[in-house]
Structures are given as C-alpha cells and as structure tokens.
Amino acid sequence: MSSIEKLTVSALDVAVLGLRVTSPNPHVGCIIADSNGEVLSLGHTQEAGGPHAEVVALRNAAEKGLSVVGATAYVTLEPCSHHGRTGPCCDALIQAGIKKVVATNLDPNPLVAGNGFTKLRAAGVEVEVLAPDHPLAIESRELNIGFFSRMIRKTPWVRMKVAASLDGTTALDNGASQWITGPAAREDGHAWRARCCAILTGIGTVLADRPRLDVRLVETPRQPHLVVVDSRLETPLDAPFFIAGRTVFIYAAAPNDAKRAALEALGATVIFMPGKDAKGQPTGKVDLAAMMQDLGRREINELHVEAGFKLNGSLLREGLVDEFVVYLAPKLLGQGAGMFHLGPLTELSQGVELEFKSTEMVGPDLRIVARVQRRDQF
C-alpha cells in the first residue's frame, strides 16, 4: 500500500467518527501530513452548521502550534467551494498554505461538483483524485451512500431493517413480536438507527406497538427524525415518539384539519400527499414515491425503515427499497406475519434480485445485509 493510500485510509477512519454526527452533511475525514508523510493534524465534519473536516484539521494543527504550509491534505470528499451553512473549505486550505490535496471522490453536490478542485488548482494547489473504481474511492462512497443518493437521485437511500425467525416470521398471529432476536441484535439495530437521518414507520406499527423509535442502546449526539405513513391521520396524540425537540414528519392521504392542528401543536409536520391509481383516481393511500422525493428535499440522506409487512411490501413493490438489514433468530415460529407482503408472483423472474453485501453473527442471531441489485449505480 502506498503512502497516499495509507493516509487516505486514516482519513476514512476519521470520517467514520462523524457517522452519527454530520447529518444531513456527508461524513468526511481529513488528515494533514507534512512532506515526509508525518501526520500533523486530523478532523472530521461536525454537526450541521459546524465546521467541516478540513477546517477542523486546520484548527487542530493551529492549536498544536504546527504550520501546515507546504503540507498535503488527504480528504474523503472534494472540499466544498460554495457558501452554505459554512464558508468554502477550499478557501481555508488555500489560505493556510496547503500545497496538495488528495481526495477520494468528486462531490456529487451540484453546487460543488468539481468547482472545489478547479478553485484549488487555480490557486496553485496540486490536486490528486483517486480513480472512481479505486477501492478507497468505493469505500468513501459507501460511507456516504445516502448523500450520493440524495444529490444524484434526489431521494434518500432507503434501508429496511427486519428481525425475523429463521422461517421468516416477524410476529405471531396474536401480534407478539418482542423479542424475536436477542439483546446484541437489538443493540446493533440501534447503531443502524443512529447513523440514519430519519426512521420511517407506518401507522399500523404505531398503533400496535406504541414504539419510541429513537436511539437508546448506543450513544448518539442526536436523535434521527421520524417519518410516519398515516393515511387517515390516526396517530395518537400521546404517541411515545413525540420527544421534545425531535422532528416528526407525518404523511397523510386524507385531510383532517382538526387532527392536523393537534399534531402540529405537538411539533409534528403534517404533509398531505394522496396517491392516485393508473386512472387518476384517489387510492386513499399516501403516494410513497412522491414522499421519497419530498424527503430528499428535506435533506434526508439515509432513511431507515422499521415497519410492518404491509408497508414493507408497498415500499418494495414500488421499487423504493435499496437495501435490507435482516436479523434472523435461530428459531422457527411457523405461521404469523412475514417480512413483507409481496406477490403472489407467477414467475420466478418477477422476484427482486439481491446482492449479499455481508453476513455476520450478532450474538446468537445472523445479520444479513443485502442490496437490491444495481440500486447503487447512480
């Protein structure tokens, strides 16, 4: 492994430290090293509105009394060139006297999209960008797959979490489902919650389980937003997920001004997004594809789905799911609710083709991460 690759790996390791912090900004790490490859400073992007990775690394060097003039910055995404919540990072690098920038990827944000590299080169800074098929470039995109999805497709990366028995049962016929998997799997599930921008569920789950759908089992500096698909606005006003300061979006299909006002008094945002059938007639259900577009506009990068088999099936049938995180418990439960309502299909070719990304034991349970084929080709 070359010195450039080693320092880029270190920058990626730093980027991971911001996994639960940066939403809706990408998870970016920066390493600043001298001409001998000795690390001078490091930093990762902070919370939205806070400094980006490059600025944190520059400040880190200044606090240690170290000069970065003539140094190289290794970053896991193109330095920004526009004024957003913060100033342009490329300007900060130029002003600090950075001689070279090594980056894993072009920023997919149309406001940047190569402009940062152009600005750096115009100021005399050498720029090296890894090839798109370089393993570290791929790893960097994977770390920010939700950000890339939102910038390019204008919709979040949708990850569906399911906990089931080995024969695919997620709840018994009487509704009992707690707990099919063990404590380690539940903690791991909360880690996936912690990295997302928002958790999505349906009104059926809200009414049956009265879930909090927050992050409790792992440390996190923020709680993800909550999205509820609630066609008839049946969300109880005493639902446990109404937590002070938490953003809650409720998507409905039928107007109910009184209930809307009551929910918004609790801090929720109610969005009416009725669906229509092929003939243009109201379906009485939420337009899920339009909802995804709306969530993209609301800066949701990764959407973590924890819902019942009906909503899971609807999302899957409409081609809105990108990835699955499935926990399988070593038990058989027989008849009950499945993972999702899909079909019946008439041909095997109608099935959804997946790619297994990883399999790992989490306590006594098996975790499978599977991705819908070609969903990441954007």
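User: Does asparagine 109 count as buried or exposed, and at what relative accessibility?

Analyst: This is a predicted model, and every value below is computed from it. A residue is called buried when its relative accessible area is under 20%. Asparagine 109 has 12% relative accessibility, so it counts as buried. This residue sits in the loop between strand 4 (100–103) and helix 4 (115–122). Beyond residues up to four places away in sequence, asparagine 109 touches His82, Phe147 and Met151.

User: Which residues are the closest to the centre of the second largest pocket?

Analyst: Rolling a probe the size of a water molecule over the atoms shows where empty space is left. In this model the second largest pocket has a volume of about 460 Å³. Its lining consists of 27 residues, and the closest to the centre are Asn25, His52, His82, Asn109 and Phe147. Asparagine 109 is therefore both a buried residue and one of the residues closest to the centre of this pocket.

User: Which element supplies the largest share of that pocket's lining, and how is the lining divided by class?

Analyst: Helix 6 (residues 145–152) gives the largest share, with three residues. By class, the lining of the second largest pocket comprises 12 nonpolar, nine polar and six charged residues.

User: How many cavities of 30 Å³ or more are there, and which residues line the largest cavity?

Analyst: A cavity differs from a pocket in that the probe fits but cannot get out. The count comes to one cavity of 30 Å³ or more, and the largest cavity has a volume of about 70 Å³. Its lining is formed by Ser23, Asn25, Pro26, His27, Leu143, Asn144, Gly146, Phe147, Arg195, Cys197, Asn301 and Glu302. Four of these residues are nonpolar, six are polar and two are charged. Asn25 and Phe147 belong to this cavity lining and are also among the residues closest to the centre of the second largest pocket.

User: Where are cis peptide bonds found, and what are their omega values?

Analyst: Most residues other than glycine have a negative phi, and most peptide bonds are trans. Here the peptide bond from serine 23 to proline 24 is cis, with omega near 5°. Proline 24 lies in the loop between helix 1 (3–16) and strand 1 (29–33), and Ser23 is one of the residues lining the largest cavity. Another cis peptide bond joins glutamine 178 and tryptophan 179, with omega about 0°. Tryptophan 179 is placed in the loop between strand 7 (171–172) and helix 7 (183–195).

User: Which residues other than glycine have a positive phi?

Analyst: Lysine 154 is one of them, with a positive phi of about 70°. Its place is in the loop between helix 6 and strand 6, and at 41% relative accessibility lysine 154 counts as partly exposed. Glutamate 299 also has a positive value, with phi near 65°. Glutamate 299 is located in the loop between helix 10 and strand 14 and, at 30% relative accessibility, counts as partly exposed.

User: Which residues of helix 11 are buried, and what do they pack against?

Analyst: An α-helix has 3.6 residues a turn, so residues three or four places apart point the same way. In helix 11 (residues 309–317), the buried residues are Leu311, Asn312, Gly313, Ser314, Leu315 and Leu316. Their packing partners are strand 6 (157–165), strand 8 (198–202), strand 9 (225–229), helix 10 (288–297), strand 14 (302–305) and strand 15 (323–329). Just after helix 11, glycine 319 adopts a positive phi of about 70°.

User: How many helices and strands does the protein chain have, and why is it called as compact as a globular protein of its length?

Analyst: The protein chain has 11 helices and 18 strands. Its radius of gyration is 23 Å, close to the 21 Å that the globule rule gives for 378 residues, so the chain is as compact as a globular protein of that length. The C-alpha trace spans about 65 × 45 × 40 Å along its principal axes. Buried residues make up 51% of the 378 residues. Of the contacts with a separation of 6 or more, 69% are between residues 24 or more positions apart. The protein chain exposes about 17300 Å², of which carbon and sulfur atoms supply 53%.

Technical notes. Residues numbered from 1 in each chain as written. Predicted model: local features only at pLDDT ≥ 70, side-chain atom pairs only at ≥ 80, totals over all residues. Heavy atoms only, no water. 1 Å grid on protein atoms, 1.4 Å probe; cavity = no way out; pocket = protein on both sides within 12 Å on 5 of 7 lines; lining within 4 Å. Points joined across faces, edges and corners; volume = space filled by probe spheres on them. Helix = DSSP H or I, 4+ residues; strand = E, 2+ residues; numbered from the N terminus. Nonpolar A, V, L, I, M, F, W, Y, C, P; charged D, E, K, R; others polar. Rg over C-alpha atoms; globule rule 2.2 N^0.38 Å. Buried < 20%, exposed > 50% of the residue type's maximum accessible area, 1.4 Å probe, protein only. Contact = heavy atoms within 4.5 Å. Areas by Shrake-Rupley, 256 points an atom, 1.4 Å probe, with all protein chains shown as cover.
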